[in-house]
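Q: I have a structure open and would like to go through a few of its features. Can we start with the pocket?

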Amino acid sequence: SKKYSKQKNVIYEICNEPNGCSWSTIRSYAVSVIKTIRKYDKNAVIIVGTPTWSQLGSDGTSNEVAKNPIKGYKNIMYSLHFYANEWSHNQYLPDKLVYAEKEFPVMVTEFGMSAASGGGGISTSSTGKWLTRLNKYNISYFCWSLSNKNESCSLLFSGTRKTSQWKTSDLSKAGQYIRSKYRARKKALGSKA
């Protein structure tokens, strides 16, 4: 934070996908890291990971994070990760998101169109529902995985060797889908400006 305190485009995500520990442990750790960041960077956005691989709580029904958020700091957000082709994520995470979103800012720092394993095909239907929901609540999101690995979640076609300046033909089915959704969101947000 000392090195990048003058940068306006830095987001600090601490404790990515904490697992196997309680919200109270994560919260305590996050507060100590937030204090360190704030010594040098008073305004940057800090994203706090949440229990069970950043799913806003330790199980499908727990709202422990939303009921006990970190207080006393500005520009604090909480991470949510989901995979659109995971049945359980589509069953309980939407309700947890709606509950949490009323209590504090949420950012989806990782989502996939596939299962959490990266394989098993993509679900454009579930992804579309998720993106509609996130857009409704004005929640930012980042799709995983910008790679050319031979699995369904990869946004680049497995034969792609470029590291930038991709053409549509360099994108996988998932990449083409998410590109169209990002462009549609950018257009919608631009029309409101």
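Q: What classes of residue make up the lining of the largest pocket?
A: This is a predicted model. In it, the lining of the largest pocket has seven nonpolar, one polar and two charged residues.

Q: Which residues are they?
A: The largest pocket is lined by Cys143, Leu146, Leu155, Trp166, Leu171, Gly175, Ile178, Arg179, Tyr182 and Arg183.

Q: Which helix gives the most to that lining?
A: Helix H6, residues 173-192, gives the most, with five residues.

Q: And how much space lies in the pocket?
A: About 250 Å³.

Q: OK, helices next. At what angle do the axes of H4 and H5 cross?
A: At roughly 0°, and the axes come within 12 Å. H4 is residues 87-101 and H5 is residues 124-136. Angles under 35 degrees count as roughly parallel, so H4 is roughly parallel to H5.

Q: Which residues make the contact?
A: On H4, His89, Asn90, Leu93, Pro94 and Leu97. On H5, Ser126, Trp130, Arg133 and Leu134. By class, the contact has five nonpolar, three polar and one charged residues.

Q: Switching topic: how many aromatic pairs does the structure hold?
A: Seven aromatic pairs. One of them is Tyr78 with Phe104, whose ring centres are 4.0 Å apart.

Q: Is that pair stacked, edge-to-face or tilted?
A: The planes are at 35°, so the pair is tilted.

Q: Where do Tyr78 and Phe104 lie?
A: Tyr78 is in strand E3, residues 76-83, and Phe104 is in the loop between H4 and strand E4 (106-112). The pair therefore ties together parts that are 26 residues apart in sequence.

Definitions and conventions
Residues are numbered from 1 along each chain as its sequence is written. This is a predicted model: local features need pLDDT of at least 70, side-chain atom pairs count only at pLDDT 80 or more; totals for chains, interfaces and linings use all residues. Side-chain values use heavy atoms; hydrogens and water are left out. Axes are lines fitted to C-alpha atoms, for helices over the stretch in contact, and angles run from 0 to 180 degrees between N-to-C directions. Helices (H or I, at least four residues) and strands (E, at least two) are DSSP runs, numbered from the N terminus. Angles under 35 degrees count as roughly parallel, over 145 as roughly antiparallel, 65 to 115 as roughly perpendicular and the rest as oblique. Contact means heavy atoms within 4.5 Å. Ala, Val, Leu, Ile, Met, Phe, Trp, Tyr, Cys and Pro count as nonpolar, Asp, Glu, Lys and Arg as charged, and the others, Gly among them, as polar. On a 1 Å grid over the protein atoms alone, a cavity is a set of points where a 1.4 Å probe fits but cannot get out, and a pocket is an open set with protein on both sides within 12 Å along at least five of seven lines; lining residues have an atom within 4 Å of a point. Grid points are joined across faces, edges and corners, and a volume is the space filled by probe spheres set on the points. Rings of Phe, Tyr and Trp (its six-membered ring) pair if their centres lie within 6.5 Å; planes under 30 degrees apart count as stacked, over 60 as edge-to-face and the rest as tilted.
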